[in-house]
Amino acid sequence: MDESILRNLLCALETINNAATTNNARQQAQEYCETLKRDPAGPLYGYYLAHKDNQQPDIVRHFGLSLIENTARYKWSDASLTPELKEQIRMNVMALASEGILPMMTEKQFIKEKVASLFVEVVKREWPGAWDDMDVFLRQMFYKDETTREMSLFILRSLCEDVCIYDDPVAGLRKKDLRAGLLVIMSSEAILREHYPDGVKGHKDEVTLMVGEQGNDGWLSRLSVLLQELLPRCQTEFVRDIPLSDRHLPAVTQFIRSVSSTSIVPLICQATLSPSEKIRLAGAECYDVLSSRNLSEHEREKMIWPLLDDGGIDLISKAYLTQSNQALQGDSYLFLQKMVQATVNLGEQQLCAKRNARVPKELSKFLHLLYAMTSHPSVILSSFVSFFWTTLLRHDTFSKEPTVHAFIPPLLELYSGVLAKDFEYRKESDPAYAHFVAQDFESPSDFRTKVGNIFQKAVDVIHLGVPIVPLPAFLWVANKVSDALKIKFPTSTNVKNTIQFQTFDGALTLMEVAISSLTDVINDKANPQSAEILAGMNTLLGLLIEYDGKCPAALERIAASLSSYTDMFKLNSTLLFRCLDKLFKSVEYPMSSKGDQDVRELRHRSGITLVKIGKAIPNTLFPIYGEIDAAIQRLIQQGAISGGEKKTLLSFQLVIGFNAGMALERGAIFEKVVGPVALGFQSADLQDVLSDPSKFMAFIGAMELSEASSKDLQGQEVEQLGTVIAQRRALLSWYVDALLTFMRETMDSKESTKKELWATYLGPMLPNLLSTIRCLSALCDEQAWIGLSPEMNRVLVLSPEEKEIMVTGKAPSATPGSLALTVTKLIADLKTWLSVLRDHCYKFLAQLTTLGAAFYAIPSLQTILEQSLFEHVENLNNRQLRLLINSAVQPIVINCPAEYMDSTLLHLLVVLFPYLDQRLERDWKAAAAEGLIMDEQDDPEDLDVSDEIVKEMMLRDLTYYVAHFLFAILDFGRQKGAGAPGTQKELTPLALYILSNDAIAQSAIPLFCRIITYKDTKSCTRSAETALCVLGALVQSYPRTQTIIGDFATLVLQAALEALHDPYHQEGQEKLILLITEVYVEVRAFNEAPKAVFQRASGADASRLEAFEQELSRTTNKTKKHALVRNFLQGIIGVAKSEWFKQKEQGDKPVSVRTIAGSYERPSQNVMDSEQHEDIGDGLASLFDE
């Protein structure tokens, strides 16, 4: 070691860490340090700096460790590193771990962790093949003193994490050897001999030695003994053994993931009761790992049933209940979360294992504990437990268990409160609830999202629980509803926000869920309770029909609930006519004034309920169709209903005739309802209005409003003007809205005869629809409004209210005077009308595309669509363009039959993709020049509603919807031979067409590749998923795709590497790495393009690339190929290397395990699930298999 170099290094480090250093001097010092990192002798200087005997400052010691780590991580395979130098580095690392750190209570945590991490980096590369005595060395450290014992635990924990949990690229290359080695050192010699009598595992072509050292007890046994000694001595937070226990338990955690030991279970339970917060938390982590293990029946017998049979639940309950009644935060609250998570996983993964038929002795105690957890004031904790209840109530054994049945009534009581949606009220009235809301949620929107999930889980639990004890449950529900019908509502302007209405609403929701869950029961005539429940439903329905409360909001809620009785009406229609009569009376409920919003909603909801009933029981209603038709015609002729209510009642007629099994009458009813509307939409007057944008502007009242804005009109004059304009506009919008509604209600059928009915009216409907779309787009041009008053410019710009809704997702509160009718408000109403009409026209067009060949066979359809949709596309803002792509263009493309793709899609897509690419590139460059403002992690409600934020949000939304459009049309998720081994995804005709046509493919690929590079995580991730879809299609279709696969790989890899070098995309790094890896592995077999991209990448080393290429070509295992690419990537990526490749947890933990911090929906089972994959084998033998 050169003393002068050492002095220069120390001087450089002092310069870097001196706050008074100039930037130039600091830069030179940093360059010197980086040079030394590249020096083969760098690790030797690092050892000197890091060793405690040389008494360097901690920051210098840390840099010394990084010198060694740089060589170990990135240069271990380089030819410049001789075997002698590797041996020297390994000995130095061992010396640092065993004697190079300060005493346990003195040494800094980050130094300890860095030394352990460095030790593990060498282990992953050398052990077990070139470093046979590594375990002996660790055992010597373990028994030497408390400092080295702690270090050995750090090392073991880090090694297990890298091999078994994290997706570490180096461990991935040697995973089989490392896992086998870990299993050998963790298990005792006797256990290994029991599982591997011949001392080997594997097949004859690939055998792994599984022989333990004679007399070796294994690390799990060793640590269990230590834990048993330490726990009684750790009775306070301030004793010397606690830091060691704190290291010890996490190490045990990793071992529990892999091996079985009966002795460890009682110790885990005791640890959760420790007075030490750190030990309790570590114990809870061990409890969770144990609960989450994918155990065989034999292992479950040894480890789980003693916990559930022999007093373990008493200890766990005590540990939870001791802490649960406090307003916790920090690690104390984290402990509670871990206890809940572990207990839920114990119930789901072990107790409710698919084939388990054993009922534990202490089932009642276990369920009481989970019920207590469900009752906790924390929204996060209580919602998490609901997953267990749904699993339990679905289980073949436990759904029939009387002990479980006893918990259904209290669960109904508990979850019925959730249905009231009184979360805001509880925040105000319950301090404990409010405390945990503040702890659990960073923003109001997060809170609202979560309580929405809780509501759905409550529905699930009730829906599962009621049929198990049907009669008692129904009678209890009926009493709740009967009590709710007696509630008196305050005379409030917004009664729906009162606790009284929330209670009322919750009771009716409870009734709806319960009745829907009893369908099978009331249809089962052999069930002795069926007749009594059916009679009870009739009685309860009678109470609802007779309800005569004076509160329109309550009447609306009653009307909505009546559709839940449709299954009952199929069996007993005694009250059907009275039910319909109540709804018809509600449709014409008298309005006290035009602004009576509650009555408007009552009338609307009653009509919607009639439509729901009509769709559900058309055959039951068909015999009284004549009476229904007469009642509707009476209301129309008397003018007792609005246009919207008329549309809904006509829909009611239509769904009865369309869905009843009366084919002859279906056509006649369709003609009677749809015919006049379709022909009215074709009227000559409307054709003339839509023939020119200027005529359209006059028709919608733009000129009249412009003139009125310059006058001082009084209230009555404004009202008269508004009425005249609204009635005129309704001549157009009503037809569009009605036809859209009719199609939505009837086009869910796959019967071709029903579609043929609609196809006969395609000619009358389509021309005016496309003309309307063209006029709406033309009005987005500022030039169209020249000559009108400046006030009319409000139509073209977003109002403050629209901006707030767009950014925060919430409508602003009405201010005094904001509801007054003025010309300004009429202009705002015009703008809203135009927006709604545009949306409905796009959706109407999308519905027409579902007619298939009848639509796409229209002559010159491609030209007609392009002129109507894109003639004025440059005038559309990003919000309007997003709507066009999502609501109109995407359905046109996706629904196109294969035989019409050339005539309809070819020119459309070849022009559309480059236009979107150019527009997005232009807008993103402009946004970058102005400076991006938004952070995608920000809560929308915390953002300032500024023009800059709104503009950026519209750009991000457009980018995402374009990315989603590409994904939707290029996805090929259909499976060929689903469930069979080696299944392949089948290309959809659309994806095959696009990727087989070079012109379309070469315009689509640059678009989604460029989106990958934009600073929008959602869009980047979605485009990466699109690229993966395209990759699979191109590889699957090779060699037919050989003309584009190279260009594809080049563009994708360049875009993904560019995104990786951008710190903005840190959240999407895992998806980008997956994309790069897949593209390189799949395309490199056919083409040189991936190698060429890596050669040009920043940081690529030619010799290292050649070595990588040679090893890749020798490797046949696809998993190892992926690991090689990911490992090579470490040398050419430029951001946060310490954060790379530790994104995804894997290993023995099943993916269905619940985690409070993660997703709450259950994914598919992991391939390690021994209950579904008999070929994998049970227990210890399979736990470290590939």
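Contact means heavy atoms within 4.5 Å. Keep that in mind for the helix pairs below.

This is a predicted model, in which local features need pLDDT of at least 70, side-chain atom pairs count only at pLDDT 80 or more, and totals for chains, interfaces and linings use all residues. Residues are numbered from 1 along each chain as its sequence is written, and side-chain values use heavy atoms, with hydrogens and water left out.

## Helix pairs

Helices here are DSSP runs (H or I, at least four residues), numbered from the N terminus. Two packed helices are described by the angle between their axes and the distance between the axes. Each axis is a line fitted to C-alpha atoms over the stretch in contact, and angles run from 0 to 180 degrees between N-to-C directions.

Take helix α36 (residues 625–637) and helix α37 (residues 643–659). Their axes come within 11 Å and cross at roughly 165°. Angles under 35 degrees count as roughly parallel, over 145 as roughly antiparallel, 65 to 115 as roughly perpendicular, and the rest as oblique. So α36 and α37 are roughly antiparallel to each other. Their crossing is left-handed; that is, the near helix is turned anticlockwise from the far one by less than a right angle.

Which residues of α36 and α37 meet? From α36 come Tyr625, Ile628, Asp629, Ile632, Gln633, Leu635 and Ile636; from α37 come Lys646, Leu649, Leu650, Phe652, Gln653 and Ile656. These residues divide into 9 nonpolar, 2 polar and 2 charged. Ala, Val, Leu, Ile, Met, Phe, Trp, Tyr, Cys and Pro count as nonpolar, Asp, Glu, Lys and Arg as charged, and the others, Gly among them, as polar.

Now turn to helix α21 (residues 379–394) and α23. Their axes come within 13 Å and cross at roughly 140°. That makes α21 oblique to α23. The crossing of α21 and α23 is left-handed. Ser382, Ser386, Trp389 and Leu393 of α21 make the contact with Ile408, Leu411 and Tyr415 of α23.

## A residue in α23

Leucine 419 sits in helix α23 (residues 408–419). Is leucine 419 buried or exposed? At 0% relative accessibility, leucine 419 is buried. Buried means under 20% relative accessible area, exposed over 50%, and partly exposed in between (1.4 Å probe, protein chains only). Leaving aside neighbours within four places in sequence, leucine 419 touches Phe455, Ala458, Val459, Ile462, Asp505, Gly506, Thr509 and Leu510. Leucine 419 and alanine 507 are 88 residues apart in sequence, yet 7.6 Å apart in space, C-alpha to C-alpha.

## Backbone details in loops

| Residue | Backbone value | Loop |
|---|---|---|
| Proline 128 | cis bond with tryptophan 127, omega about 5° | between α6 (109–126) and α7 (134–144) |
| Proline 1039 | cis bond with tyrosine 1038, omega about 15° | between α54 (1017–1036) and α55 (1042–1060) |
| Glutamine 55 | positive phi, about 55° | between α3 (42–50) and α4 (58–74) |

Glutamine 55 is exposed, at 70% relative accessible area. Serine 860 is exposed too, at 54%.

## Cysteines

A disulfide is a covalent bond between the sulfur atoms of two cysteines. Here a disulfide is a pair of cysteine sulfur atoms within 2.5 Å. How many disulfides does a search of the whole structure find? It finds 0. For cysteine 33, the closest cysteine sulfur is in cysteine 11, 10.0 Å away, too far for a bond. Cysteine 33 is buried, with a relative accessible area of 4%. Cysteine 551 is buried, with 15%.

Technical notes. Helix = DSSP H or I, 4+ residues; strand = E, 2+ residues; numbered from the N terminus.
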